Amino acid sequence: MTLTTKLLGSRAVAAMTSPHGVDRYLEMFNPMWVVTEVRARVVDIQRENPAAQGSAPVATITLQPTSTWRGHRAGQYVQVGVELPGSARRMTRCFSISSAASLPGERITLTIRANDEGQVSKFLVNEAKVGQMLHLSQADGDFTIHESAATPTANHLVMISGGSGITPVMSQIRTLLRDGYDGRANRKVTFIHFARSPEDQIFADELAAIAEGDNHIDVHLRYGDATFSEFELRRLIPDFRNTDTWACGPGGLIELVKEAYGDSPRLRVEFFKPPAVSLGSAEGSVSFTRAGASAENTGASLLEQAEALGLKPEFGCRMGICFSCVKTKTDGTVRNILTGEESSLPDEEVRLCVSAPVGDCSVDL
Amino acid sequence: MTITDIPTQAQKTAQKTTKKKATVAASDPKNPNLTPEQLEEFGTELDALRQRVLGKLGKDDADYIRMIVKRQQQFEIAGRALFYLPPAWPLAVAALSVSKILENMEIGHNVMHGQYDWMGDPKLNSRIYDWDTMAPGENWKYGHNYIHHTYTNILGKDRDIGYGILRMDEDQKWRPYYLGNPLYAFLLMMLFEEGVAVHDLEVDRILSGERTWEETKKVGKPIVKKVGKQVFKDYLLFPALTGPLFLSTLTGNAVANVVRNIWTFNIIFCGHFPAGVATFTEEECENESRGHWYYRQLLGSANITGSKLFHIMSGNLSHQIEHHLFPDIPARRYPELSVEVRALCEKYGIEYNTGGLGKQLFSVAKKIVKLSFPTPKRTPAPAPAAASDDVVAA
């Protein structure tokens, strides 16, 4: 840490620049100068599946984070915030980091599929240009491996991924390889990946090179109708339930993997949120995850339903003006009681008093 | 009657209600008691207006608030820097005053109302932002966004009627203490920042024993912390940074704070206290409809006319009526909203209280002086039979 950053990060400077903070002054000169915030500049964009017909484009985006980036462990994700062109609303989404574990300030890559319904991913893959600034969070998540090249163990590692779920697994494998996980260490990694088609396979060349390499990493690629089966897994790894396993992919794949592993504590999973379905009426159930309470959706406001369950969330005006009851809706669709507007964004801040759930809904309360 | 107070209190308020209803009906033909149906229709029209503007929010609003923040930061830098040039002292004070006024009103007040939460920018989020004044954001949001904006001008509920120290409504019972009304108002103006900071302590309720020590400690702690922070910045750190000019910078910062105090006090007092602004009783507002809520916000607020710059410098609180109808809509939309709100007022025959700064200030000053003396008991006009029935039924 240089003297300048130490000085700029001091309490005295924080006091001098309150209430906006020093970053709001520094950005008047250069958006990469920050003391607390994390931002990143797009330095490269590479299309990963140019040959794919009929499936969504995928691109790997290289980011140069600001000096505030604390680095990441393989398998972690980062929140990316961006204001889409013509809109002033910052949209924030989570993406797994696909590059090997990074140190503070080091470059990272995100490999993103431009889903039809994903506004942020579509923008990043199709429209973002080199030089574009993004807002970042620090890396988070515990879908990480503890193996290190520094202390060789004989543990067998299993990675199972589907579709875009390959990104955190790629980060893990790249980290292992970079840090000296080679044939001489005699540590076995089994990597099973499910993709729609060979044309749609991202990282295809790199995966082929890994499969060829002298590294004890077995790569099994399955395409099209070849879904996950416990039978096949058992054939590859007879004692899979007692083997450290990481699985990441769509909900369907993860359900099958979980079934196969039963209650084995060796399995770590990460899955994409299934898209929320708007039923248009008071159906489904509402759960308040922190309190561990849930009930059938009555169609009333989230605040009233929480109170009916005996919870006591903070509230004020109860009519949408004071913002005392803002909480994070983690999943599902809510309808704004005042406007009738429906919203299905994951991890969205809502005012409990004027938000009524439509179908299943979870709130971090 | 669904009043849960002790009987004497209930009788007193019931009397007050009768009197109030009679006054509004008899002496103020501009503010008719709308029928429930009319109120509902009125509310629906305002809801529709709100939807139209919410639908338009976007880049213009985001660019605007970011532009204001940038300008304010430039004034801040200029103000702080000019203190190093002793002959530029008046300029430094002026720049710093402008910065503080912009920050407190167009930025702080409005951001902390949640007007820009939709942008998803944590730096402009009501839960995170804490303004450049001694009042801690958390306390202020409770007392202002919740209590004042929900119970606007309901006597006994809205603590912004006289702020617990002034007599600003005839229905506040006169006591000899109120002879000092003009003096208290003047002191509040000069020390407005400190006044707002301790407002949520509800000192009058501590003295009367209604508030427990525990409650006071909970509210008081953040105040002590925030006041310390502000004092450190304006009266120690920045003066010290100018070395031998310590005293001149300290004085300059103090003057800028007072200039801001005087300005905000005057804008805010013109928003709720000019003649013609109505107050309400708790009974009138029991089980209130959305239409009546709008109606009460409208009658409980007053606007100030002026230039575009004047509106920016007052955080658009010169459109207090629109602010109270739509407290979570970005304030820069109030001028365009005011045209339609005014048209609606004409349609329903409701008075739209507005006037130049001079006129509204004079009206407020007159009220402060007049109410320092006992006001003659208004002879309760014979209340219409229907109205009294209402009271009993309420």
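## Salt bridges

Over all chains, the structure holds 47 salt bridges. The model is a predicted one.

In chain A, the side chains of A:Asp244 and A:Arg266 form one of these pairs, at 3.0 Å from N to O. A:Asp244 belongs to strand E10 (residues 244-249), while A:Arg266 sits in the loop between helix H8 (251-261) and strand E11 (267-271), so the bridge ties together parts that are 22 residues apart in sequence. A:Asp244 is buried, with a relative accessible area of 11%. A:Arg266 is partly exposed, at 29%.

## Links between the chains

A salt bridge of 2.5 Å, N to O, connects the side chains of A:Glu349 and B:Arg127. The pair joins two chains, because A:Glu349 lies in strand E16 (residues 348-351) of chain A and B:Arg127 in the loop between H4 and helix H5 (137-150) of chain B. A:Glu349 is partly exposed, with 41% relative accessibility, and B:Arg127 is partly exposed with 39%.

Within chain B, B:Arg296 and B:Glu288 form a salt bridge whose closest N and O atoms are 2.7 Å apart. B:Arg296 is buried, with a relative accessible area of 1%, whereas B:Glu288 is partly exposed at 24%. Elsewhere, salt bridges that share partners make one network, and its members include A:Arg24, A:Glu37, B:Arg66 and B:Asp121.

## Nonpolar cores

The largest nonpolar core has 48 residues. Among those with the most contacts inside this core are B:Tyr116, B:Met119, B:Leu124 and B:Phe265. Elements of chain B that give two or more residues to the core include helix H3 (59-82), helix H9 (213-241) and helix H15 (357-370). H4(B) gives the most, with six residues.

Leaving out residues up to four places away in sequence, B:Leu124 touches A:Arg24 of chain A as well as B:Ile65, B:Val69, B:Val111, B:Tyr116, B:Asp117 and B:Met119. A second, separate core has 34 residues, including B:Val53 and B:Leu298.

## A buried asparagine

B:Asn253 lies in helix H10 (residues 246-272) of chain B. B:Asn253 is buried, with a relative accessible area of 0%. Beyond its neighbours within four places in sequence, the contacts of B:Asn253 include B:Arg80, B:Phe83, B:Asp234 and B:Tyr235.

## A nonpolar surface patch

On the surface, B:Val198, B:Val203, B:Ile206 and B:Leu207 form a nonpolar patch with about 340 Å² of accessible area together. Helix H8 (residues 203-207) of chain B supplies the largest share, three residues. B:Val198 is found in helix H7 (residues 192-199) and is partly exposed, with a relative accessible area of 37%.

## Domains of chain A

The domain assignment divides chain A into domain 1 (37-136), domain 2 (157-271) and domain 3 (285-364). The C-alpha centres of domain 1 and domain 3 of chain A lie 30 Å apart.

Technical notes
Residues are numbered from 1 along each chain as its sequence is written. Chains are lettered from A and ligands numbered from 1 in the order in which they are written. This is a predicted model: local features need pLDDT of at least 70, side-chain atom pairs count only at pLDDT 80 or more; totals for chains, interfaces and linings use all residues. Side-chain values use heavy atoms; hydrogens and water are left out. Patches are made of residues with over 30% relative accessible area and no salt bridge: like charges are joined within 9 Å, nonpolar side chains (Val, Leu, Ile, Met, Phe, Trp, Tyr) within 5 Å. Accessible areas come from the Shrake-Rupley method with a 1.4 Å probe; for residues, only the protein chains shown count as cover. A salt bridge is a side-chain nitrogen of Lys or Arg within 4 Å of a carboxyl oxygen of Asp or Glu. Helices (H or I, at least four residues) and strands (E, at least two) are DSSP runs, numbered from the N terminus. Buried means under 20% relative accessible area, exposed over 50%, partly exposed in between (1.4 Å probe, protein chains only). Contact means heavy atoms within 4.5 Å. A nonpolar core is a set of buried Ala, Val, Leu, Ile, Met, Phe, Trp, Tyr and Cys residues joined through side-chain atoms within 4.5 Å. Domain bounds come from an automatic or database domain assignment.
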